[in-house]
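Let's take a friendly walk through a protein chain, starting with the overall picture and then zooming in on a few spots. Have the structure open while you read.

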Amino acid sequence: MTQRQTDRNSDERTDTTRAITGTDPQTAPSAARNGEPTRQLLPTATAARTRAAVGELLRPHRLSALAGFAVMVGATAVGLLVQPLLGRVVDLAADRRPPDAITTTVVLLVVVAVVQGLTTGLGLSLIARLGETVLARLRERFVERALGLPLEQVEKAGSGDLTVRVTGDVSLIADAVRSALPELARSLLAIVLTLGALAVLDWRFLLAALLAVPVQVHTARWYVRRAVPLYAEQRIANGAQQQQLLDTIGGSTTVRAYRLEGEHTERVGRRSWSVVELTMRGVQLVLGFYSRLHVGEFIGLAAVLGTGFWLVREGTVSLGTATAAALYFHSLFAPINSALVLIDDAQSAAAGLARLVGVADQPLPEQPERPAAPRDASITVTGLSHAYEPGHPVIHEVDLALRPGERVALVGASGAGKTTLAKIIAGVHQPSSGTVRLGGALLGEMGSATIRRTVALITQETHVFAGPLAEDLRLAKPGASDDELRDALDRVDALGWAEALPDGIATTVGEGGHRLSSAQTQALALARLILGDPPVAILDEATAEAGSTGARALEKAVARAVDGRTALIVAHRLTQAATADRIVVMDAGRIVETGTHDELRSAEGRYAALWAAWSDSRNSGS
């Protein structure tokens, strides 16, 4: 393994460990080996706040909700005519009436079935449409807040937590809205109206049926008390498992470099078994839930049949009425079981909903009433210190100034604080102390929109969005013409391979499309930089993922992309640093040297040692 690879892998691992454990560079490796990373998960809303949020989302659609509810009530009421009609058939048979006496009853049964089917379909569609509308609004609000979250908060939580909320939780709620919500509404209406119909037949039938209620209520409460925390814990465990997989796979180079394959496999195994154990607890909970429900059904049905026998013997009701009562209670099995089973889906969806609302409720970053505007492209850092965790500073009293148009390379050993300083200047992190000024304006007084127009941060983790390559480029400049896109690609030597794609710049790239290499992906990011045309560019290891040949080509592309801009380049390849206007050397969170390549080599200090090690590694690798 070359010195460059060792430095880069060590820097990745140390920076990651620092960010999630707050340890010093000297203790970071041992801390990572001896303890599990701790993360500050994104907030989860309380049950009260979740209900309030749903109410807020439903309020603009009150009429749609009332219309759906009214249609469902009508459909359920029509369906309740089936049992008395069947009871009428029993009475006719008991009275030994001729077969044609039931013709009218049979016709009515057919009419009831048709009307109930049509109205039920209409009601379910209205409720489903309402649910989809509300879900769409919640999803939009979630994405808006998620994109507005401070990147530092997202990094502390880990991308796994946010990924599970965006994918798993949203899918869970969507499934509930499309199937569980309409079915639950129909089941609850059927229960209420059927109990009312029993009372209409004879109030004693209702009392007999209600004997099952204490068992069912106790079962529901027993289940909910255990299900709510269990499903919430399950969602968190899924997020932790997702994060561990992302950390292990995404950092596979570092894992292999430090021979941590066994440890990370063990961590993934622990996270996975945690999810399995919680899932099995859920299965056991559901089995206990059903066994208790069956007891209630037996008690209720036995009570209704016994009451019917007694009332028929007393001559209070006819045999057909007692039959209708028994059929009414039997028809409650499906909606009651369905409603209680859907509580299972509802609890899972509620846990996911609380996690979505927790993010959707996050306030957008405060923006200054009058955002400060930079007068030029200079950068001034004064007395800057930063710690990811109190008591563990990673940057100490840094002072740095970049003139407009100056290209400065930031170098140093792994764990020196280069990436942290770059992200603070880009506005990703808020410093613990000190100030950053862009063009004389304080970074905190500029507002996020002004910062985005002023500074662009490019890292080695560039994302290629699914879709045509041209549209991916237009993210930086909506409305850009094809000629502008080609010009930007040409300036970073990417037009050749872009035009060689099956459909040129109209080729679909990203997920499900043409896969771009690491060098092509970074060239795409540089082309976006040219299109966005910010006066300040910060590049953090932008050529690190390319091979030696690709890196040399990218270094030339970087030089063209940052031409005319103020550029701060975190450089692991010292050949890139050597061509900068000035080099700043960091060590243990402090700036220890600054000057040109020739000046620093002549000084025989920290940079000279880094250059010698870099040169030796290149010679030995050639």
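What follows is a short report on this predicted model.

## The whole chain

The chain has 622 residues, and 46% of them are buried. Its secondary structure comes to 24 helices and twelve strands.

## A sheet of six strands

Now look for the open sheet, where six strands line up in the order E6-E9-E10-E3-E11-E12 with mixed pairing. Going from one strand to the next, the twist averages 20°. Which strands stand at the edges? They are E6 (455-459) and E12 (590-595). Each has a single partner strand, so one side of each is left without a neighbour in the sheet.

E3 (residues 407-412) runs parallel to E10 (residues 566-570), and four bridges join them. Arg407 has Ala567 as its bridge partner in E10. E3 also runs parallel to E11, this time with five bridges, and here Val408 stands opposite Arg582. E11 (residues 582-587) and E12, on the other hand, pair in the antiparallel sense over five bridges. In that pair, Val585 stands opposite Glu593 of E12.

Is E3 mostly covered or mostly open? It is mostly covered, with six of its six residues buried. Arg407, Ala409 and Val411 point one way from the strand, while Val408, Leu410 and Gly412 point the other way. Residues on both sides of E3 are buried, Arg407 included.

Next, find helix H20 (residues 518-532), which lies across E6 and strand E9 (536-540). H20 runs at about 175° to E6.

H20 also packs against helix H18 (residues 482-491). Two packed helices are described by the angle between their axes and the distance between the axes. For H18 and H20 the angle is about 125° and the axes are 8 Å apart. That angle makes H18 oblique to H20, and the crossing is right-handed. Which residues make the contact? From H18 they are Glu484, Leu485, Ala488, Leu489 and Arg491, and from H20 they are Ala527, Ile530 and Leu531.

## Two aspartates in loops

Asp493 sits in the loop between H18 and helix H19 (495-499), and Asp533 sits in the loop between H20 and E9. Asp493 has a positive phi of about 55° although it is not a glycine. Asp533 is not a glycine either, and its phi is also positive, at about 55°.

What about their accessibility? Asp493 has 48% relative accessibility, so it counts as partly exposed. Asp533 comes in at 51%, so it counts as exposed. The cut-off for exposed is over 50%.

## A buried serine

Last stop: Ser385, which is found in strand E1 (residues 379-387). Is Ser385 buried or exposed? Its relative accessibility is 13%, so it counts as buried.

Leaving aside residues up to four places away in sequence, Ser385 touches Ile395, His396, Glu397, Pro431, Ser432 and Ser433.

Technical notes:
Residues are numbered from 1 along each chain as its sequence is written. This is a predicted model: local features need pLDDT of at least 70, side-chain atom pairs count only at pLDDT 80 or more; totals for chains, interfaces and linings use all residues. Side-chain values use heavy atoms; hydrogens and water are left out. Buried means under 20% relative accessible area, exposed over 50%, partly exposed in between (1.4 Å probe, protein chains only). Contact means heavy atoms within 4.5 Å. Two strands pair if DSSP finds at least two bridges between them. Axes are lines fitted to C-alpha atoms, for helices over the stretch in contact, and angles run from 0 to 180 degrees between N-to-C directions. Angles under 35 degrees count as roughly parallel, over 145 as roughly antiparallel, 65 to 115 as roughly perpendicular and the rest as oblique. A crossing is left-handed if the near helix is turned anticlockwise from the far one by less than a right angle, and right-handed if clockwise.
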